[in-house]
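Colleague: I would like to go through this model feature by feature. Please give the idea behind each reading before the case itself.

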Amino acid sequence: HKRTAVSVKDALLPLYHYERNGATHRKSLTLLGLPPIEDFPTLSFYFHERDDTQTLDRFFPIYRYSVDRAARTKSLNVLGLYNRVATEGDVNELLFPLYSRHKSSKESEFGVLGYGPLSLGYSYDSPAVQWRHVLPFYFHWQDKPSGREFSDALGLYFRNASAKKKSGGVL
């Protein structure tokens, strides 16, 4: 145990390590492992750190959660299968292999049973392009500025259209 006017350090290694610095407003707690050493990450089962701009929680290997208030980002990872990162106007989410999602002010993307365009069900929208598919049953693509689009359902029904020419039918 070590205490000064602005800081406290308490440790019983490898069971726990606690550190608080009043000058930097930083607090950290390490359980069952070693505390962070300089720029190296902590080697412990549980770690919590908080200061004026960041919060980090980790319970290895179950979850990792972090908040960066200066960059306005939050991230969460659970068992390496669920991952979510959110910023001011952007969200990326993945629950592998069930779904993936990306949403921003300019585009949105959603996939079911897979990842991104490799998903069985997929939807993508932006100011320039719209793309949807349910493999192998349905596919639709549209170039919004030119008005060109193509749709196909099981290869039995198709539609190919542009601003000047349209065709479609049942095979």
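Colleague: How many bridges join strand S12 to S13, and do they run parallel or antiparallel?

Modeller: Keep in mind that this is a predicted model. Strand pairing is read from bridges between residues. Five of them connect S12, residues 108–112, with S13, and the two strands run antiparallel.

Colleague: Where is Ala128, and what is it in contact with beyond its neighbours in sequence?

Modeller: Ala128 lies in the loop between S13 (121–125) and S14 (129–134). Setting aside residues within four places in sequence, Ala128 contacts Gln142, Asp143, Lys144 and Pro145. The C-alpha atoms of Ala128 and Lys144 are 5.1 Å apart, although 16 residues separate them along the chain.

Colleague: Why does Ala128 count as partly exposed?

Modeller: The class follows from relative accessible area, with partly exposed lying between the buried limit of 20% and the exposed limit of 50%. Ala128 is partly exposed because its relative accessibility is 33%. Leu31, in strand S4 (residues 26–34), is partly exposed because its relative accessibility is 33%. Leu31 also belongs to a nonpolar surface patch whose members include Leu12, Phe45, Ile62 and Tyr115, with about 1200 Å² of accessible area together.

Colleague: How many salt bridges does the structure hold?

Modeller: Side chains of opposite charge can pair when their charged atoms come close. The structure holds seven salt bridges. Among them, Arg26 pairs with Glu49, with the closest N and O atoms 2.5 Å apart. This pair links distant parts of the chain, Arg26 being in S4 and Glu49 in S5 (residues 43–50), 23 residues apart. Arg26 also bridges to Glu19, at 3.8 Å between the closest N and O atoms. Arg26 counts as partly exposed because its relative accessible area is 21%.

Colleague: Are Arg72 and Glu88 buried or exposed?

Modeller: Both are exposed. Their side chains form a salt bridge, with 3.4 Å from N to O. Arg72 sits in the loop between S7 (63–68) and S8 (73–78), and Glu88 in the loop between S9 (82–86) and S10 (91–95).

Conventions:
Residues numbered from 1 in each chain as written. Predicted model: local features only at pLDDT ≥ 70, side-chain atom pairs only at ≥ 80, totals over all residues. Heavy atoms only, no water. Patch = residues over 30% accessible without salt bridge, like charges linked within 9 Å, V, L, I, M, F, W, Y side chains within 5 Å. Areas by Shrake-Rupley, 256 points an atom, 1.4 Å probe, with all protein chains shown as cover. Salt bridge = Lys/Arg side-chain N within 4 Å of Asp/Glu carboxyl O. Helix = DSSP H or I, 4+ residues; strand = E, 2+ residues; numbered from the N terminus. Buried < 20%, exposed > 50% of the residue type's maximum accessible area, 1.4 Å probe, protein only. Contact = heavy atoms within 4.5 Å. Pairing = 2+ DSSP bridges.
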